[in-house]
Amino acid sequence: MSVKRTVFLGAGIGLIWSVALLVGAALFVQIPVFALIPTIMTAYLAPGLVMMAMVMRVAMRRFFEAGSGMGSLSEAGELDRQVLQNTVEQLVLAAAIWPAAAVILGPAGPGVIIALGLGFGAARVLFWVGCHRSPLLRSVGFAGTFFPTVGVTFWALTALVS
């Protein structure tokens, strides 16, 4: 299978993952609205832990590969740095959207963003591993992180307009 076809397949799997994540959270995860603020804060725990592991990995590579800590990285180290950069970008996007979505979606909101946070953590690990090993996992991981944020954005905007 060609790389483009593999990436497209992975994006499709990530899109299916995203829909399942949002629908599953809306149907099965109910958290009282009065717990909204602690829930919003807790939703970022899994993404934060994964990003912390990425920061640590890049720092270790800099220390052991470059010697002084700030030298040039190997190809694998540079790839880890790029994965970390993309994760920061995705997490900033999530931080800009998820809290508003949690408020707008009412009773479903807190459960949805907890599921988004857990799903983000899992998908980022797939993306990270996939960048080193498999275009399919890379594209599933990217889509599994990006599409849930896009989906909850449209869901919240639709709820806001209704």
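Val 23 sits in helix α1, which spans residues 3-28; helices here are DSSP runs of H or I with at least four residues, numbered from the N terminus. With 43% relative accessibility, Val 23 counts as partly exposed (buried means under 20% relative accessible area, exposed over 50%, partly exposed in between, with a 1.4 Å probe and protein chains only). This is a predicted model, in which local features need pLDDT of at least 70 and side-chain atom pairs count only at pLDDT 80 or more, while totals for chains, interfaces and linings use all residues. Residues are numbered from 1 along each chain as its sequence is written, and side-chain values use heavy atoms, with hydrogens and water left out.

Val 23 belongs to a nonpolar surface patch with Leu 15, Val 19, Leu 27 and Phe 28; together they have about 520 Å² of accessible area. Patch members have over 30% relative accessible area and no salt bridge, and nonpolar side chains (Val, Leu, Ile, Met, Phe, Trp, Tyr) are joined within 5 Å. Areas come from the Shrake-Rupley method with a 1.4 Å probe, and for residues only the protein chains shown count as cover.

## Nonpolar cores

The largest nonpolar core has 21 residues, of which Ile 40, Tyr 44, Trp 98, Val 112, Ile 113, Leu 116 and Val 152 touch the most other members. Two or more residues each come from α1, α2 (36-43), α4 (75-104), α5 (109-133) and α6 (135-161). A core is a set of buried Ala, Val, Leu, Ile, Met, Phe, Trp, Tyr and Cys residues joined through side-chain atoms within 4.5 Å. Apart from this core lies another, of 8 residues, including Val 58, Val 83, Leu 84 and Cys 131.

Not counting residues up to four places away in sequence, Trp 98 is in contact (heavy atoms within 4.5 Å) with Ala 43, Tyr 44, Ile 113, Leu 116, Gly 117, Phe 120, Thr 149 and Val 152.

## Salt bridges

The whole structure contains 3 salt bridges, each a side-chain nitrogen of Lys or Arg within 4 Å of a carboxyl oxygen of Asp or Glu. Arg 57 pairs with Asp 80, the closest N and O atoms being 3.8 Å apart. This pair links helix α3 (residues 45-66) to helix α4 across 23 residues. Arg 61 also bridges to Asp 80, at 2.5 Å. Arg 61 and Asp 80 are both buried, whereas Arg 57 is partly exposed at 31%.

Shared partners join Arg 57, Arg 61 and Asp 80 into one network.

Definitions and conventions: Patches are made of residues with over 30% relative accessible area and no salt bridge: like charges are joined within 9 Å, nonpolar side chains (Val, Leu, Ile, Met, Phe, Trp, Tyr) within 5 Å.
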